[in-house]
Amino acid sequence: MSVNQQAHAGPPYGQPQPGYQGYQQPAYGGQSLPGVPQSQYGAYNGPMPGYQQPVPPQGSLRAPPTSGAPPPASGASHPSGHLAYSQFEHGDVQNGIPASAAPMQRPPAPQPFLPGSAPTPVSQISTFQQYGPPPGSVQQLRNHMAGMTIGGTAASAPPPAGLGYGVAPSSYPPTTGAPRPPAMPGPPLPGQTVPAPPSSQPNHVSSPPPPPPPSTMAGLHPGPPMSGLHGPPPPTHPPQPGYQMQQNGSFGQMRGPQPNYGGAYPGAPNYGSPPGPPPPPKRLDPDSIPSPIQVIEDDRNNRGSEPFVTGVRGQVPPLVTTNFLVKDQGNASPRYIRCTSYNIPCTSDMAKQSQVPLAAVIKPLAALPPEETLPYLVDHGESGPVRCNRCKAYMCPFMQFIEGGRRFQCCFCSCVTEVPPHYFQHLDHTGKRVDYYDRPELSLGSYEFLATVDYCKNNKFPSPPAFIFMIDVSYNAVKSGLVRLICEELKSLLDYLPREGNMEESAIRVGFVTYNKVLHFYNVKSSLAQPQMMVVSDVADMFVPLLDGFLVNVNESRTVIASLLDQIPEMFADTRETETVFAPVIQAGLEALKAAECAGKLFIFHTSLPIAEAPGKLKNRDDRKLINTDKEKTLFQPQTSFYNNLAKDCVAQGCCVDLFLFPNQYLDVATLGVVPYQTGGSIYKYAYFQLETDQYRFLNDLRRDVQKEVGFDAVMRVRTSTGIRATDFFGAFYMSNTTDVEMAGLDCDKTITVEFKHDDKLSEDSGALLQCALLYTSCAGQRRLRIHNLSLNCCTQLADLYRNCETDTLINYLAKYAYRGVLSSPVKTVRDALINQCAQILACYRKNCASPSSAGQLILPECMKLLPVYLNCVLKSDVLQPGPEATTDDRAYIRQLVTSMDVAETNVFFYPRLLPLTKADVDSDSLPAAIRNSEERLSKGDIYLLENGLNIFVWVGVSVQQSLIQNLFGVSSFSQISNALSTLPVLENPFSKKVRSIVDMLQGQRSRYMKLIIVKQEDKLEMLFKHFLVEDKSLSGGASYVDFLCHMHKEIRQLLS
Ligand SMILES: [Zn+2]
């Protein structure tokens, strides 16, 4: 169920608030609670005097617009104002800082870190230990030596970082793995009954079915809703759009498995060697099987020109790969919510039969293209948003007003609630309120409410949040130039902190900490001439040595901050300290936010495994020998529960952690990532960071991370209409109960995937409704509720379910489900369960929806024809089937990253985009048409670009024209192309400009700056590149698309027989 079931230390919203109480009562089908105060509405005898003018929800989109006044600025004033800063404006608690406010003394360069050197006089109080070497200086020296070695290695032969993969071409195992034990059935996937036969056993152990007669073999079923492989089409069939169909009869029988297929499916030892004559070696033509490229192109052509208007229930949106505009007419945009199916089975039996998971991928704060309107802010006055009395659902377009508008019936629980007097409005002849179009919450799918104090922690309006920058200044960080780079960047970046609407400056305050084995806090109060440093070396019991002057306004303290950022790189320039602490750093940030009584974000820049003596100290427990054993799961689990408890405390305070990692070796991402992950934060990883090649990427990520829209102290709840309910959640968050998703911070890139289960019957007439309510604090400290509503259809026929599915969303869910599964089950079990579930989905379709046909045909639902190819990509991913080049940290990193991805991100991550650059039209803005991810699609005379959201590869064939090489790389021959380039040279010719503009465009579409890697054909780096040609058999044993499709076909036939 939820990730964490423990109770919070101290309920964050402990006051019995009418508004918040909804979170504590049974939401679904429960009794109306007599204890719920009704009085919140009682005080109103008329419209609130201060009531905000209604705003036209969509302006030009829909009539009748009202005054045409612009939507209220997001910073609409609130009567109650803020209590911000009050606790900081008095009582200059210096906590022991000398009254003279002595300028911070820079430790004389070589001294403080050298063994045996005298302690440096630093302005600090006596309880702090000196900023000098610990007694164990021998240890320190040894670490220093170790650090040197590491640095040297990294400098001499940097592996292609970013991927974090070391190149080890010689260590690839043979592609035909040794036979392994037969597959064991995995635990059932959600909603799945345990499959009767183990997923892949019987059909492989027993004799394979005789090859079906050629007439029923691989071909294409021509008509929607199904597509697939079966008999050759009648000659008169027009080719189905979307497939290039072989018309010469060459697509004969579905071929038998390749000789080494057993390696791909270790659980099927007999698969490749059936008793009896080997099947005919005819090969299934890859052109005759469903092509992702074609599906993407078709959707673009069919759905890219018209806006997607959300007025109709249960509409399947265009694919994430299609550019389209959204017009909100009552349902949330697919940018906010996407579902696995837009037509839900009416009964749980049907849902179980189909095995199609019912899930929504929700991105509550998604960024919108400039052409689309941000959610309007609605103020219902002092009593807060109008809600259902029983289930506490928020006012939305689906509420039914009755009795002339005096009451409304809840669309989620059917309870009837009085309309508060100030909210009363007459109904028109159709029963709609006459102000329907003037109120976003009555006519739009997405909008925001201004929250009242009842929705705030401790019944107090929040202070604006703070950002604390915490910089590792140990040897590696300093030596690589990282510390200087960060300090330089912060000088300008601090002017771009998130701002609310049209506010002149950001309300966010900032603070600075540096650390290695000890922590250094900085007083950057505006009245100081120079910043002051305070050292805390008692890391076992972390506290913050100063309150006043630690968190400051950037503009007020500008000169002091600039001075500090100038001094930090100098202060630690000669450090010999290689050891770091980690948990105390988070604790320090947490304590600082607690003291300031605000939420906020920690930006931690960290380089190494925290082995220094301190809470949360870690050991190196990396062990690749665990791969493919029952203990593999431990590689994904944190090595101590310390960080889980710390994360809980952080969430309670609204302390979100973003972690930037710069490892030269294993640093245990699985453990270090716990707090970022559970607080809604992000992790960035730059393995073998090198200033020249990686700084641009890191700085781009940092800039975006600091500037992007983010909410704090967030709680998300998904309500559903009677019949289904949210049962499971995936993403970067914390849960202290089974319904509320808590995030210390939630940014515009983070996605939460929610699974639903039936708890009653649904009806085709009323459909099903979802309402996602996110309570959060804006970057200016305003408490708000963002509401997204979505209405879905319900069906009694399975065919309707299969016609309204979205495979990309299905894959997003399945990947997250599987990636969580590896924490508790052997990876192979997880893979088998995935295969089995998909086979069941497709078998159910075949059995119940497809027209009768020979068992030899593979028939896929039109909406799911890419399910096998995409599922295969998930199965082959490094988390589920690691290549030799994937480190333990890479796998833990990817696992956490994918868990917060939206559908567009998982789509390109699992099936990368491959573009033939040499086919690009230099005179147009368009991209060259993508091609399928297979080596046989590459021509050695061309240059290709492959992107997956994390990396961009530029692959250069050995026979590319010399002029193209000259134009793109500025060198005269293939052999002169350097694969150390991290950017393309800026050359003044159309081809170079075109390619760079494509790269820039792709970078702009992704939430992280992708690492550019130049790959020359037949070069050793090509191994890395081939890993992403996902239709081919992979070096780690992953099946090719063709082989996998055959395998799925067998699984389906087994289920049907
Ligand atoms: Zn209700």
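Reader: What is the relative accessible area of R335?
Author: This is a predicted model: local features need pLDDT of at least 70, side-chain atom pairs count only at pLDDT 80 or more, and totals for chains, interfaces and linings use all residues. Residues are numbered from 1 along each chain as its sequence is written, and side-chain values use heavy atoms, with hydrogens and water left out. Buried means under 20% relative accessible area, exposed over 50%, and partly exposed in between (1.4 Å probe, protein chains only). R335 counts as partly exposed, because its relative accessible area is 22%.

Reader: Which residue meets R335 in a salt bridge?
Author: A salt bridge is a side-chain nitrogen of Lys or Arg within 4 Å of a carboxyl oxygen of Asp or Glu. Here the N to O distance is 2.5 Å. R335 meets E372.

Reader: How many residues apart are R335 and E372?
Author: Helices (H or I, at least four residues) and strands (E, at least two) are DSSP runs, numbered from the N terminus. R335 sits in the loop between β3 (326–327) and β4 (337–339). E372 sits in the loop between β6 (358–362) and β7 (377–378). The pair links distant parts of the chain, and the separation is 37 residues.

Reader: Are D435 and R439 buried or exposed?
Author: Their side chains meet in a salt bridge, 2.7 Å from N to O. Both D435 and R439 are buried.

Reader: What is the relative accessibility of K625?
Author: K625 pairs with D623 in a salt bridge of 3.6 Å, N to O. D623 is partly exposed, at 24%. K625 counts as exposed, because its relative accessibility is 70%.

Reader: How many salt bridges does a search of the whole structure find?
Author: Some salt bridges link up into a network, which includes R704, D705, K708, D747, D749 and K750. For the whole structure, the search gives 50.

Reader: What is the angle between the planes of the F730 and Y813 rings?
Author: Rings of Phe, Tyr and Trp (its six-membered ring) pair if their centres lie within 6.5 Å; planes under 30 degrees apart count as stacked, over 60 as edge-to-face and the rest as tilted. F730 and Y813 lie 5.6 Å apart, centre to centre. Their pair is edge-to-face, with the planes at 85 degrees.

Reader: Which strand holds F730?
Author: Both F730 and Y813 are buried. Y813 belongs to helix α18 (residues 807–821), so the pair ties together parts 83 residues apart in sequence. F730 lies in β20.

Reader: At roughly what angle do the axes of α19 and α20 cross?
Author: Axes are lines fitted to C-alpha atoms, for helices over the stretch in contact, and angles run from 0 to 180 degrees between N-to-C directions. The axes of α19 (residues 827–848) and α20 (residues 867–876) come within 10 Å. Angles under 35 degrees count as roughly parallel, over 145 as roughly antiparallel, 65 to 115 as roughly perpendicular and the rest as oblique. These helices are therefore roughly antiparallel, crossing at roughly 170 degrees.

Reader: Which residues of α20 meet α19?
Author: Contact means heavy atoms within 4.5 Å. From α19 come R831, L834, I835, C838, I841 and L842. Across from them in α20 are L867, P868, L871, V874 and L875.

Reader: How far apart in space are M503 and A780, C-alpha to C-alpha?
Author: M503 is in the loop between α10 (482–493) and β13 (509–515). M503 is partly exposed, at 34% relative accessibility. In sequence, M503 and A780 are 277 residues apart. In space, the distance is 9.0 Å.
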